[in-house]
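The following briefing concerns a predicted model. Please consult the sequence and the structure while reading the points grouped below.

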Amino acid sequence: MVGPLLRSLWSTTRRSFSSSSHYSHIKPLSYARAFSAATATAPVGSAATAPGGALDPSRLRNVAVIAHVDHGKTTLMDRLLRQCGTDIPHERALDSIDLERERGITIASKVTSISWKDKELNMVDTPGHADFGGEVERVVGMVEGAVLVVDAGEGPLAQTKFVLAKALKYGLRPILLLNKVDKPAEEQLDFPVLYASAKEGWASSTYTKSPPDVKDMSQLLNAIVGHVPPPSASLDAPFQMLVSMMEKDPYLGRVLTGRVTCGVVRVGDKVHGLKKTDDGTVKIEEGKIVKLMKKKGMRADPVDSAGAGDIVSMAGLSSPTIGHTVANTEVMTALPTVVLDPPTISMTFGVNDSPLAGSDGIHLTGGKIGDRLLAESETNLAINVLPSTSESYEVQGRGELQLGILIENMRREGFELSVSPPKVMYKVEKGVKLEPIEEVTIEVDDEHVGLVMEALSHRRGEVTDMGPVPGNMGRTRMCLTCPSRGLVGYRSVFSSDTRGSGFMHRAFLTYEKYRGPLGNVRKGVLVSMGRGLITAHALMGLEARGVLFVAPGMETYDGMIIGEHSRDTDLDVNPVRAKELNNIRAASKDETVKLTPPRLMSLEEAIGYVASDELIEVTPKAIRLRKRYLEVNKRKSMSKRPKD
């Protein structure tokens, strides 16, 4: 069953890009972890770089591991590292960011190298979520091949097509690896590919539930060596390298990473940074290479030199960033950069001006927020930062998850800020308003199809295909196209409607004509009209009005949202009202107050929930929803203005 699906995926994706020429193998890559933090031992092998000399490009293989979310890329990388002698400190070792380990997803691309027989394999682990598609786009320019990992049970899903399209667009030769074949699944895996269980640590060229012989990853490594071509590069030409990653080391300063396009670079060489502009090539900075490093397994080893086709890191220059060229001083031509897919949503980050501002965070001013956002845009080219109004910045990205990760990192660093709801970035072509449309794949139990269809109809979704899930009785799979603005905040609604049994995948498709205003996708809210500590006595009287977001003892202020109203209109309430005390003895004891547990929103849920006249107050210890205008009379006057 998976075989025909893969053939269909392959043929449709290949047709989409059959007319595309081979792009230059130059693409920026975001990677934000200091090499000095790595602690594991380097792998051993016969392909190690000789002291003082560059490695023969014919012995190099540059490969990206790409897949849909949760199809086993990072686990596969664990097994390959162990196969080649690396002692990894824990499972999913390349997920080095705290949020990656907590959420179980890859956020930033990681590069490492392993030695297999007489070959040196530069391996790049990439994110699978479409919000981080910029990571995949920048990776494919650094490699000649890709391992496309597909879950044998789920088959190719929406983002499998997305990442495969990126690989084929740049002329990569993919290796298809069906992972998780140890799970109960269909036997008809007739596609000529490799089969693996990264969790159990084996790969096989023939379909099996369990290899009878040695259980290791050698067949996959052999396939990479045999199938992926070596880089086409010249060691004799002058040195040139496009910066694909940038990080800051407290001792070395700016560390630049990329693939050497041509020539050889050595420690002590004089180089300069170049930038390509509309008026030609501009020289940024001239300096000297003070350190070269090569990622080996889980640590960075210093090397004396690196040659064409290899991926290395260097220190010594303080101005070049991602997309700039580092070259010998006699070279005055910058390497071409690549135009990334445009961002589709934007959010405004500003100073927290609520009555509770400054109680939690340490970075409060607009200047510090702006510096942090500009530093993020330097290392992540999929995010654009533009000054908005006084002490606020417009941040453009691919999706609410991507921007939510940025906000979460900032609050963990001690920032306080207010964040606007996501706004879709429209286009106007020939006087026609266009909006981003996403391809959505949904799989749910049959009993939930009606709820999902009704919700998506309000969000301007259009069904393109619908049918039963092969091999799963009582399950339905739907393919839809839906505006990006309609999907903002829908994931939590979807989980609630399907009781957690459904799954949904989405990826940017194209820009189409504006589909009109959305239907009624949210009710009104309960807005506080008091300042102080919330009381159980007050909440007991408000429970019948809707769903509460707060608990007794929390602080509130005028204009803060404390719940969802049961009707479509907003309602001002007093959650700090205390029970009146008097000297009259009651005939019976007071009843014990029993409140329903509140709905405590995560950051992603809050981003999808807030309306255009509301903000999210983000601090290191709290996430609060509030009205943009806290004073009730101001809100009433602003509500009479025509909306966009």
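**Strand pairing around strand 33**

I561 stands opposite L625 in strand 36. Strand 36 (residues 623-627) and strand 33 pair in the antiparallel sense over 2 bridges; two strands pair if DSSP finds at least two bridges between them. Helices (H or I, at least four residues) and strands (E, at least two) are DSSP runs, numbered from the N terminus.

The model is predicted, so local features need pLDDT of at least 70 and side-chain atom pairs count only at pLDDT 80 or more, while totals for chains, interfaces and linings use all residues. Residues are numbered from 1 along each chain as its sequence is written, and side-chain values use heavy atoms, with hydrogens and water left out.

- Strand 33 (residues 560-565) is mostly covered, as 6 of its 6 residues are buried; buried means under 20% relative accessible area, exposed over 50%, and partly exposed in between (1.4 Å probe, protein chains only).
- Strand 29 (residues 525-528) runs antiparallel to strand 33 and is joined to strand 33 by 3 bridges. V527 has I561 of strand 33 as its bridge partner.
- Strand 31 (residues 546-548) is likewise antiparallel to strand 33, with 3 bridges between them. Here L548 has G563 of strand 33 as its bridge partner.
- In a regular strand the side chains alternate between the two faces of the sheet.

**The hairpin of strands 9 and 10**

- Strand 9 and strand 10 form a hairpin, with 3 residues between the two strands.
- The two strands run antiparallel, and 5 bridges join strand 9 (residues 245-249) to strand 10 (residues 253-262).
- M245 has T257 in strand 10 as its bridge partner.
- Strand 9 is largely enclosed by the rest of the structure, because 4 of its 5 residues are buried.

**Helix packing**

- Helix 7 (residues 366-379) packs with helix 8 (residues 400-412) at an angle of about 130°, and their axes are 12 Å apart. That makes helix 7 oblique to helix 8. Angles under 35 degrees count as roughly parallel, over 145 as roughly antiparallel, 65 to 115 as roughly perpendicular and the rest as oblique.
- Axes are lines fitted to C-alpha atoms, for helices over the stretch in contact, and angles run from 0 to 180 degrees between N-to-C directions.
- Helix 7 passes helix 8 in a right-handed crossing. A crossing is left-handed if the near helix is turned anticlockwise from the far one by less than a right angle, and right-handed if clockwise.
- From helix 7, I369, R372, L373 and E376 meet L406, N409 and M410 of helix 8; contact means heavy atoms within 4.5 Å. By class, the contact of helix 7 with helix 8 has 4 nonpolar, 1 polar and 2 charged residues. Ala, Val, Leu, Ile, Met, Phe, Trp, Tyr, Cys and Pro count as nonpolar, Asp, Glu, Lys and Arg as charged, and the others, Gly among them, as polar.
- The axes of helix 9 and helix 11 cross at roughly 160° and come within 10 Å. That makes helix 9 roughly antiparallel to helix 11.
- The crossing of helix 9 and helix 11 is right-handed. L451, V452, A455 and L456 of helix 9 make the contact with Y490, F494 and D497 of helix 11. The residues of this contact divide into 6 nonpolar, no polar and 1 charged.

**Helix 2 and its surroundings**

- Helix 2 (residues 73-83) is mostly covered, with 8 of its 11 residues buried. The buried residues are K73, T74, L76, M77, D78, R79, L80 and L81.
- These buried residues pack against strand 1 (60-67), strand 2 (110-116), strand 3 (119-125), strand 4 (145-151), strand 5 (173-179) and helix 6 (218-227).

**Individual residues**

- Most residues other than glycine have a negative phi, and most peptide bonds are trans.
- R460 lies in the loop between helix 9 (449-458) and strand 26 (462-468). The phi of R460 is near 65°, a positive value in a residue other than glycine. R460 counts as partly exposed, at 33% relative accessibility.
- R499 lies in the loop between helix 11 (490-497) and strand 28 (503-513). Although R499 is not a glycine, its phi is positive, at about 55°. R499 counts as exposed, at 71% relative accessibility.
- N328 belongs to strand 18 (residues 325-328) and is buried, with a relative accessible area of 13%. Not counting residues up to four places away in sequence, N328 touches P238, F239, K270, V271 and H272.
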